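Please keep the sequence and the model in view while reading.

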Amino acid sequence: MKTLPENVSQKERKVLGPIGRFLMKLFRWEIDGNIPNLKKMILVGVPHTAMRDAWYALLAVLALDLKINFFGAAWIFTRLPSLVTISKNLDKLGIPWPFWWIQKYVLIRLGGIPVYRVNSRGLIHGAVEEFDKIDNYVLVIAPEGGTEAVEQFRSGFYYLSKGLNIPYVPVEIDFGNRRFKIQEPQEITGTFEEESEKLIKLFEGVEGATRTFKML
């Protein structure tokens, strides 16, 4: 398994690290490419087509001893996934269960940051202010915003990268080849639309868990 460059935010996991590396081999997944030797970066993962993307991503993070932060819909911190929508409240999807507090504790320990969709005003501005105080971090974002096919990416990756003045690193969630392919770091050089077009071309044709990536 690959080792991380010295500048990258990392956390040695004496138990979970070996477990992650073992499970990656068991499931025949690999990491293609290298995490750039940067103190601050945003990993942009595409395509996000199923909840099991998060499972394989977790194994990769553990296997690398990578320390990350990620945004997640508030409900995934306390509820179980469900094929049936029970509530119309976007913050109360999924199925409630009695051990939600363990789920929340684990996800926050792994670097999770709950996002409340009902009232998300000012989220990016607040995130920029908070992360600007930190010297070393890896922020992970799925710019599709969910598992359904979309007409355009959400703008969070763009405004975070621009506001924090840090590069974003495209990562293919490639189920066809059972790998996470890490591409070269990208600097913000244009508008949101131009950066989105750049990403679309980079990810075009990547086979996700349930569909091949293609912007609607």
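At what angle do helix α1 (residues 16-26) and helix α2 (residues 52-64) pack, and how far apart are their axes? In this predicted model, the two helices pack at an angle of about 125°, and their axes are 7 Å apart. That angle makes α1 oblique to α2, because it falls in neither the roughly perpendicular range, 65 to 115 degrees, nor the roughly antiparallel one, over 145. The crossing in which α1 passes α2 is left-handed. On the α1 side the contact is made by L16, G17, G20, R21, L23 and M24, and on the α2 side by W55, Y56, L59, A60, L62 and A63. By class, these residues divide into nine nonpolar, two polar and one charged.

**The sheet**

Seven strands form an open sheet with mixed pairing, and their order across the sheet is β1-β9-β8-β2-β7-β3-β6. The edges are taken by β1 (30-32) and β6 (112-115), each of which pairs on one side only. On average, and with direction ignored, neighbouring strands of this sheet are turned by 25° against each other. As a general point, the strands of a sheet pair through backbone hydrogen bonds, either parallel or antiparallel.

| Strand pair | Bridges and sense | Example pair |
|---|---|---|
| β3 and β6 | four, parallel | F70 and G112 |
| β2 and β7 | five, parallel | I42 and L139 |
| β2 and β8 | five, parallel | V46 and E172 |

Strand β2 (residues 40-46) is joined to β7 by five bridges, and it also pairs with β8 (residues 168-174) over five bridges.

**Helices α4 and α5**

Helix α4 (residues 123-131) packs on the sheet, where it touches β3, β6 and β7 (137-141), and its direction makes about 160° with that of β3. The axes of α4 and α5 come within 10 Å and cross at roughly 40°, and α4 passes α5 in a right-handed crossing. The residues that make this contact are I124, A127, V128 and F131 of α4, together with G156, Y159, L160, G163 and L164 of α5. Sorted by class, the contact has seven nonpolar, two polar and no charged residues.

Which residues of helix α5 (residues 156-164) are buried? They are G156, F157, Y158, L160, S161 and L164, and these buried residues pack against β2, β3, α4, β7, β8 and α6. Just after α5, N165 takes a positive phi of about 55°.

**Backbone details in the loops**

Most residues other than glycine have a negative phi, and most peptide bonds are trans. The peptide bond from V46 to P47 is cis, with omega near -5°. P47 is placed in the loop between β2 and α2, while V46 has E172 in β8 as its bridge partner.

R28, in the loop between α1 and β1, has a positive phi near 60° although it is a residue other than glycine. D65, in the loop between α2 and β3, likewise has a positive phi, of about 60°, and is not a glycine. Are these two residues buried or exposed? R28 counts as exposed because its relative accessibility is 60%, where exposed means over 50%. D65 counts as buried because its relative accessibility is 16%, where buried means under 20%.

**Towards the end of the report: helix α6**

K201 lies in helix α6 (residues 192-203), and at 61% relative accessibility K201 counts as exposed. K201 and R211 are 10 residues apart along the chain, and their C-alpha atoms are separated by 17 Å. Helix α6 is also one of the elements against which the buried residues of α5 pack.

Notes. Residues are numbered from 1 along each chain as its sequence is written. This is a predicted model: local features need pLDDT of at least 70, side-chain atom pairs count only at pLDDT 80 or more; totals for chains, interfaces and linings use all residues. Side-chain values use heavy atoms; hydrogens and water are left out. Two strands pair if DSSP finds at least two bridges between them. Axes are lines fitted to C-alpha atoms, for helices over the stretch in contact, and angles run from 0 to 180 degrees between N-to-C directions. Contact means heavy atoms within 4.5 Å. Angles under 35 degrees count as roughly parallel, over 145 as roughly antiparallel, 65 to 115 as roughly perpendicular and the rest as oblique. A crossing is left-handed if the near helix is turned anticlockwise from the far one by less than a right angle, and right-handed if clockwise. Ala, Val, Leu, Ile, Met, Phe, Trp, Tyr, Cys and Pro count as nonpolar, Asp, Glu, Lys and Arg as charged, and the others, Gly among them, as polar. Buried means under 20% relative accessible area, exposed over 50%, partly exposed in between (1.4 Å probe, protein chains only).
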